[in-house]
Structure formats: C-alpha cells, structure tokens
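Dear colleague,

Please find the structure below, followed by some notes on what turned up in it.

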Amino acid sequence: MNRIENYLTLVADHVQRHKEKYWMMSHQIHERPEIGNEERFASTLLTNTLKEAGFEVKMDIATHPTGFIARKESLKKGSCIGILMEYDALKKIGHACGHNVIALMSLGAALAVASVLDELGGRLIVYGTPAEEGGPHGNAKESYVREGIFDEADVCMMIHPFHTTAPTQPTLAIRKINFEFFGRPSHAAAAPEQGINALDAMILFYNGINAMRQQLPKGVLIHGVITDGGEAANIIPAHTKASFYIRAPYFELCEKCTEKVIKIGEGSALATGCKFSYDDSLNSVKQMLIIPRFEELFVEEARRLGLAVKTKNCKSIGSTDAGNVSQVVPTIHPTIQICEEQITLHTDEFREAAHSQRADQAILDGATILSRIAVRLLTEPATLQMIKDDFLEKKQSL
C-alpha cells in the first residue's frame, strides 16, 4: 500500500469508527428543526464537537449569529481545503431538505481529515453556513462571500442528499424581493369610495406577472406568495405585501427580469392609486460554476465505494447558495441518494427519508468521499493546481 492509499484508508476507517455518534447527532438535529439563522441547537452541537477535536472555532460570522468558522492547521505547509456545512430546516416541514445529513457528512469528513492533517500538512476550514433556505438576515454564504471569507480556501466542497447520486448539476440563480403596496383604509360598505385598495394593486401585480410568463426567456421561473392581504373583509385593505423569487440559469438574467417585474408593480400602483415599494436587499443566490475535473474526483470516490453514480440526464436540486461560493473558489455540490426517485426535496416524504437507514448510510458514504477527496487534494498538488487553473479559465470565459 502506497502512502496516499494508506491515508485514504485511514480517513475511511475513522468515519466508520465514529458512525454511531454521527447517526445520533443527525437524528438529534432532525428532531429539533430550526429555521435559518436560528439554528442554535445544531450550531452548538456541531461546534462543540469540532472544538473537542482540536479545531479553533469562531462564532457569529458576517451578521449570522449561528454561523461559524472552524479551523485546523498543520505545522507543515500545504493547501487549504474548505468544507461547507448546512444545518437549517424549512419552516413547518422541518428537515425536508436533509440538511441534518449534510451537516454530519461534512462533520465526519472534517474530523477524519483532521486526524491525519499533521502528517499531510496544510489547513482545513469548516464553514458553518446558516440559512441555505433563507431566513432572518438572509442566506449566509452570500454574506461570507461579500466579506471575503472564502478567499483563503483553495477549494470548497459538500454533498447534498437527494434521490440520485450524481456530480454537481446546473442550478438556478435567484433574485429575492419583497413587494409592498400602500393604500387608504375605509369602511368597505359605508364609504368604499374613500378607500384606496392595496389588495387590488397586489392582485393586479400578481396577475401582471402571470401575464408576462409567456414572454419569459427559457429557464426563467417566477414564484411568490402574498404574505399580507389585508386585515378584515369589511375594511378596504391599506397595506399588502408579497415575497417573490425570480430564478434564471444565470444571475444577470434574473436582474433583467427583475426590472420588468418592478415595472409591473409601478403600473399596478398607478392603476389603483396606491404607493409601491420593494426591498431587493435580500441576499441573492448565484448559479453553480461547475469544474468537470473537480467533479471527476467525486465520481471516482463514489464508485470506489460501489455507489451507482448517474452522470447523464440528471435532475437538478433547483438552487443553492453554494453557487455563490462556486463563483469565487472551485466548489463541488454533488448529490447522494437517500430515497427513491419519485420522492423530491421539500416534501414530508423527503423529511422522513432524511432520518432513515439509507440517510444514515449516506452520512458514512458522503463523509468518506469528502475526506478522501481532501486527502487526494492535499497530497496531489498537480491535481489541485489543474482544478484551480480550470476554474480561472472558466471565470475568464464568462
């Protein structure tokens, strides 16, 4: 057995030795779902474990109180490997995106690599990134990117549970915007003519977006909800509010479509006599920048474990703020199977799959894959350099 193969075996064995602990932690996080930027239990559980393993941990990162950065360094110089960790749940339906599985795959990988880092050399950084699904203060990865937090990493990586094991697929960028209309209240029967109906404006706005759909470029999706439609049926609504996502294959197209949506809002306000405002300061989501040479490492290591990896005609998970990271550092976001193909994300069925025996096995497989990729990148500088060169070339071609 050569030196690299020895380390690949050591990290895989480390994951297996701690499997009971990882399963227990995954189930604990699953049983106590917390929405974005409120993941206090999950964040504390994960950071305490990292501290016990000798990681230096900083909390409250870039306005995200449940965010953290955990760092482990060798005395020997080497590359810097970043591991992304998510642990937020969805409102009302809990861990229906399986972020408890993501957290423990990433944790297992980090602890395994840390166990051999002194011999390998280099640095390992675990980025605890809250609110991938959104939440108060928005999703964290964009905040981290804005503050240059990923700049020292040579690569970043994570794996997402799904109904298929596959390399990273194209994802959609998102522009998140809240819209409001302001009218004037009045008695709906005694003096309706004295009111200015903000709900009428909102309905015109909603229908105006629907009328625009047939002219939208291919791949653009617009979806939203009215979060405030008025107070009572006998009062002319004086205020309404809606939240919309504008998705597109690339962020610049989101921006172009956003301009049209705002004009529809202005027109709806003009037609009804309302005032119109919008908040576009929410953190956006960028599309994944895929580096095939990096993806090959995932495919090789997944197949080494005997996993059936699908590489053609794969479905996308939709959107992820890992795309924001991929715009500044080579990043992989592949998927690993925990359920049958008819089960999709953000459903009750997927929530149940996220604490099943298949999910538990995926934690071990995912942690092993990530840790082995990290070992290869730390011991194969030429491979890492080719990935970084491919990334720069792709960035320059955009």
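This is a predicted model, in which local features need pLDDT of at least 70 and side-chain atom pairs count only at pLDDT 80 or more, while totals for chains, interfaces and linings use all residues. Residues are numbered from 1 along each chain as its sequence is written, and side-chain values use heavy atoms, with hydrogens and water left out.

Glu152 forms a salt bridge with Arg123, their closest N and O atoms being 2.8 Å apart; the term stands for a side-chain nitrogen of Lys or Arg within 4 Å of a carboxyl oxygen of Asp or Glu. The pair links distant parts of the chain, since Glu152 sits in the loop between α6 (140–146) and β5 (155–157) and Arg123 in strand β4 (residues 123–128), 29 residues apart. Helices (H or I, at least four residues) and strands (E, at least two) are DSSP runs, numbered from the N terminus. Arg123 is partly exposed as well, at 24%.

A second salt bridge joins the side chains of Asp154 and Lys388 (2.6 Å, N to O). Asp154 belongs to the loop between α6 and β5 and Lys388 to helix α13 (residues 381–397), so this pair ties together parts that are 234 residues apart in sequence. Asp154 is buried, with a relative accessible area of 14%, whereas Lys388 is partly exposed at 25%.

By the same rule, the count comes to 20 salt bridges.

Best wishes

How values were computed. Buried < 20%, exposed > 50% of the residue type's maximum accessible area, 1.4 Å probe, protein only.
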